Amino acid sequence: MFQLQYLYVLAGLLLLAVAVMSWRDKANPRRLTTGAFWALYGLIFLVGKWSGSLAAIWISDEACAQKVAHIIVGVIVVVLAILAGFGGVRLGHYHQPTAEQRQKSAARLGNRLFLPALLIPILTIIGVLSFNYMPGLARTVFGEGNHTTLVTLFSISLSCLIALAVAMRLTHAKITQPVQETRRLLDSIGCVFILPQVLATLGLLFTAAGVGTIISYLTEHYLAVDNRLIAVMAYVFCMALLTMIMGNAFAAFPIVTAGMGIPILVLQHGGNPAVMAAIGMFSGYCGTLMTPMAANFNLVPAALLDLPDKNAVIKAQIPTGLALLIVNVFLLYFMMFF
């Protein structure tokens, strides 16, 4: 049966291949630290699920072994932060074709160049619909249980592999070239690439630390939340601000909603919770437009397009984000209570 761990292993092996290529790249002035960064990150993917079992080889107490494994992974994350913080991840040489060769290849392939990119969403949709509407397919591939998330991840991963095979067939590239391009993109993005995993953990820490309770206390004691408009403005702008800090509206939403949305807007003012949830998430997305913490939305496109200013996407989106926040205040005020 297919398991989620197989995707982690695939990601780990790819990162280790990138690390080896980085170590062999003499054009990179920080090739040792660059390779070490991607190797350590790949190691977390490879041994994450079995880290407790590996620790149990030396420690008989299972609970203690699991705790030691978590500490080791935490130390690795700290080392990654140190390597990135001191500029340990640098660009190297990636054996790319010359501009003239790329032009000739583009002229030869024409619009077929877009085929691999188009195959990914098309095949992903086909895969998800097949698992949802073909009885027994999900159980045959994944076994018993609810596999909603795994269906999506499996479909998009398989689509990417098929698109990769098509791209290599079209371009006649060697098997190492996609890995070189992966390394180029990873080095261009740098440590920002690991932000989604780190921010997801940060969301759990914020929730466990009671940040929502603190937000509720501060707003109730230092803002006139008895006024509906002020309460709505506080909720909308707090959603955007916390999303900018955490880089993810999904992580900010439960914290702000538990601290402000439910106790103040719903219970105190009698607002519609469905409207609050919808516009609250929309407000969080406005914060996503304006923060480098949302690396996959704002920094990856700049790296893909080789823009000289890494924050160009954010600067272009700030006016839209601010305008939508103001619109959200009025939407929430007039739709939630009337």
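Student: What covers the buried residues of α1?

Tutor: First, a word on the source: this is a predicted model, where local features need pLDDT of at least 70, side-chain atom pairs count only at pLDDT 80 or more, and totals for chains, interfaces and linings use all residues. Residues are numbered from 1 along each chain as its sequence is written, and side-chain values use heavy atoms, with hydrogens and water left out. Buried means under 20% relative accessible area, exposed over 50%, and partly exposed in between (1.4 Å probe, protein chains only); the buried residues of α1 are Q5, L7, G12, L15, V18, A19, M21 and S22. Their cover includes α2 (31–47), α8 (148–171) and α9 (176–189).

Student: How far apart are the end C-alpha atoms of helix α1?

Tutor: Helices here are DSSP runs (H or I, at least four residues; strands are E, at least two), numbered from the N terminus. The expected span is 1.5 Å times one less than the number of residues. Helix α1 has 21 residues (4–24) and should therefore span 30 Å, which agrees with its end C-alpha atoms being 31 Å apart.

Student: How many helices and strands does the chain have, then?

Tutor: Buried residues make up 37% of the 338 in the chain, and the C-alpha atoms fill a box of roughly 65 × 60 × 55 Å along the principal axes. As for secondary structure, the count is 17 helices and 0 strands.

Student: Which residue forms a salt bridge with K104?

Tutor: A salt bridge is a side-chain nitrogen of Lys or Arg within 4 Å of a carboxyl oxygen of Asp or Glu, and the structure holds 5 of them. With the closest N and O atoms 3.6 Å apart, the partner of K104 is E100.

Student: Is R184 buried or exposed?

Tutor: R184 meets E181 in a salt bridge of 3.0 Å, N to O, and both lie in helix α9, 3 residues apart. E181 is partly exposed, at 25% relative accessible area. R184 has 16% relative accessibility and so counts as buried.

Student: Which residues have the most contacts inside the largest nonpolar core?

Tutor: A nonpolar core is a set of buried Ala, Val, Leu, Ile, Met, Phe, Trp, Tyr and Cys residues joined through side-chain atoms within 4.5 Å. The largest one has 34 residues, and those with the most contacts inside it are Y235, M260, L265, L332 and M336.

Student: What is L332 in contact with, leaving aside its neighbours within four places in sequence?

Tutor: Contact means heavy atoms within 4.5 Å. L332 is one of the residues with the most contacts inside the largest core. Leaving those neighbours aside, its partners are V232, Y235, V236, L265, V275, M276, I279 and F337.
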